[in-house]
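I opened this chain today to learn how it is put together. My entries follow in the order in which I looked things up.

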Amino acid sequence: MNRHIVTTINAVATSDGDGVKISRSIGSHFLPQLDPFLLLDELKSEEAADYIGGFPPHPHRGFETVTYMLEGQIRHKDSAGNEGVVHSGDVQWMSAGSGIIHSEMPEQKQGRLWGFQLWTNLPAEQKMRSPRYQEIASQDIPELTGDFGRLRIIAGDADGIAGPITNIATQPLLLDLRLAPGGEKSLSLPVQHTAIVYLYRGEATVGDKSLSSQQLGHLSEGDSLQLKAGEQGAGALILAAEPLGEPIARAGPFVMNTEDELKQAYHDYQTGRFALVAPSSSA
């Protein structure tokens with residue numbers, strides 16, 4: 001059964017970090033969350049003033065952050081001593097788990113910076129696991145090409161090819177589909193997964209409805225998806241993941257299951273114990 005768009009969300013212009021201008025489609029008042037997706041931001045600007053402030057050190061606990069760059073580069077550092085640069089085409093999937101304090105700062109002072117930040121939830125049994133990273137260079141992300149255009153497979157499986165991101169509880173699918181003008185592509189999706197399409201360039205028909213740039217389509221249930229680009233081609237993120245169906249207690253940089261767990265997260269952070277809490281044995 002083909003999936004179709006049941007709700008269309010226009011990304012909202014806002015800012016985060018130190019004044020970084022972004023377009024937010026999940027995490028806004030229109031769509032606060034979509035189990036297990038908690039946030040989806042697009043950062044796109046050629047003006048350094050829109051991004052130069054970056055995202056100075058800040059804490060996370062209880063969920064995962066995904067940084068995927070189309071153009072430009074961002075340097076990350078964290079309280080565990082990790083440091084590196086996410087370049088054009090690279091992806092970083094960070095499981096914050098029991099807690100990490102990190103920063104993401106532009107590694108450039110001019111030119112276009114274009115990328116995405118995605119937050120996905122962790123199940124209760126993994127919220128206090130040890131933090132970990134999966135950092136994948138652009139050349140290690142498999143691609144399919146054809147008359148339709150180009151498909152980058154970051155996580156999950158498409159046309160029998162598996163993406164490099166592995167061992168994520170929600171079994172996510174993350175694809176970057178770049179359709180040629182008039183290009184068409186059919187994809188299989190796990191039936192039980194929550195699924196969305198976010199268009200970041202051009203126009204495309206998804207099922208029987210059209211999306212334009214910076215619009216998100218929440219998809220119906222089904223096991224397949226059909227997309228067709230308009231005359232200018234299109235670029236789309238396709239995301240799917242298994243919903244957790246658990247209570248969500250969320251405040252700022254923390255996502256837990258109960259208010260008591262949130263209070264504990266703030267207490268640990270404010271008393272300097274935040275990133276030092278021992279992970280649970282179930283990690």
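Which residue just after α1 takes a positive phi? I found that Gly272 does, with a phi of about 80°.

**Ground rules**

I am working with a predicted model, in which local features need pLDDT of at least 70, side-chain atom pairs count only at pLDDT 80 or more, and totals for chains, interfaces and linings use all residues. Residues are numbered from 1 along each chain as its sequence is written, and side-chain values use heavy atoms, with hydrogens and water left out.

**The chain as a whole**

Helices here are DSSP runs of H or I with at least four residues, strands are runs of E with at least two, and both are numbered from the N terminus.

Along the principal axes, the C-alpha atoms fill a box of roughly 55 × 45 × 35 Å. I read that 51% of the 283 residues count as buried. Buried means under 20% relative accessible area, exposed means over 50%, and partly exposed is in between, with a 1.4 Å probe and protein chains only. The chain exposes about 12,200 Å², and carbon and sulfur atoms supply 47% of that area. Accessible areas come from the Shrake-Rupley method with a 1.4 Å probe; for residues, only the protein chains shown count as cover.

I also checked contacts, meaning heavy atoms within 4.5 Å. Of those with a separation of 6 or more, 70% are between residues 24 or more positions apart.

**Helix α1**

I went back to α1, which runs over residues 259-270 and has 12 residues. From its first C-alpha to its last it reaches 16 Å, close to the 16 Å expected at 1.5 Å a residue. The expected span is 1.5 Å times one less than the number of residues.

Which residues of α1 are buried? I listed Leu262, Ala265 and Asp268. They lie on the same side of α1, because they cover an arc of only 125° around the axis. The arc is that of the directions from the helix axis to the C-beta atoms. An α-helix has 3.6 residues a turn, so residues three or four places apart point the same way. The cover over the buried residues of α1 includes β23 (249-251) and β24 (254-256). On the other side, Glu259, Asp260, Lys263 and Gln270 are exposed.

**Ser23**

I found Ser23 in strand β3. Ser23 counts as buried because its relative accessibility is 13%. Not counting residues up to four places away in sequence, Ser23 touches several residues, among them Ala11, Val12, Leu40 and Tyr198. Its side chain makes a polar contact with the side chain of Gln214 at 3.1 Å. A polar contact is a pair of N or O atoms within 3.5 Å; within protein, one must be able to donate a hydrogen and the other to accept it, and residues adjacent in sequence count only if both atoms are side-chain atoms. Ser23 and Ala13 are 10 residues apart in sequence and 4.6 Å apart in space, C-alpha to C-alpha.

**Asp50**

I placed Asp50 in the loop between β4 (37-45) and β5 (55-60). Is Asp50 buried or exposed? It counts as buried, because its relative accessibility is 16%. The side chain of Asp50 makes a polar contact with the side chain of Ser45 at 2.6 Å. Leaving aside neighbours within four places in sequence, Asp50 is in contact with Gly19, Val20, Lys21 and Ser45.

**Ser95**

I found Ser95 in strand β9, residues 91-95. At 1% relative accessibility, Ser95 counts as buried. Beyond its neighbours within four places in sequence, Ser95 is in contact with Phe63, Glu64, Pro131 and Arg132.

**Backbone notes**

I noted a cis peptide bond between Asp35 and Pro36, with omega about 5°. Pro36 sits in the loop between β3 (20-26) and β4.

Asp159, in the loop between β15 (157-158) and β16 (161-162), has a positive phi near 50° without being a glycine. Gln171 is not a glycine either, and has a positive phi of about 50°. I placed Gln171 in the loop between β16 and β17 (173-179).
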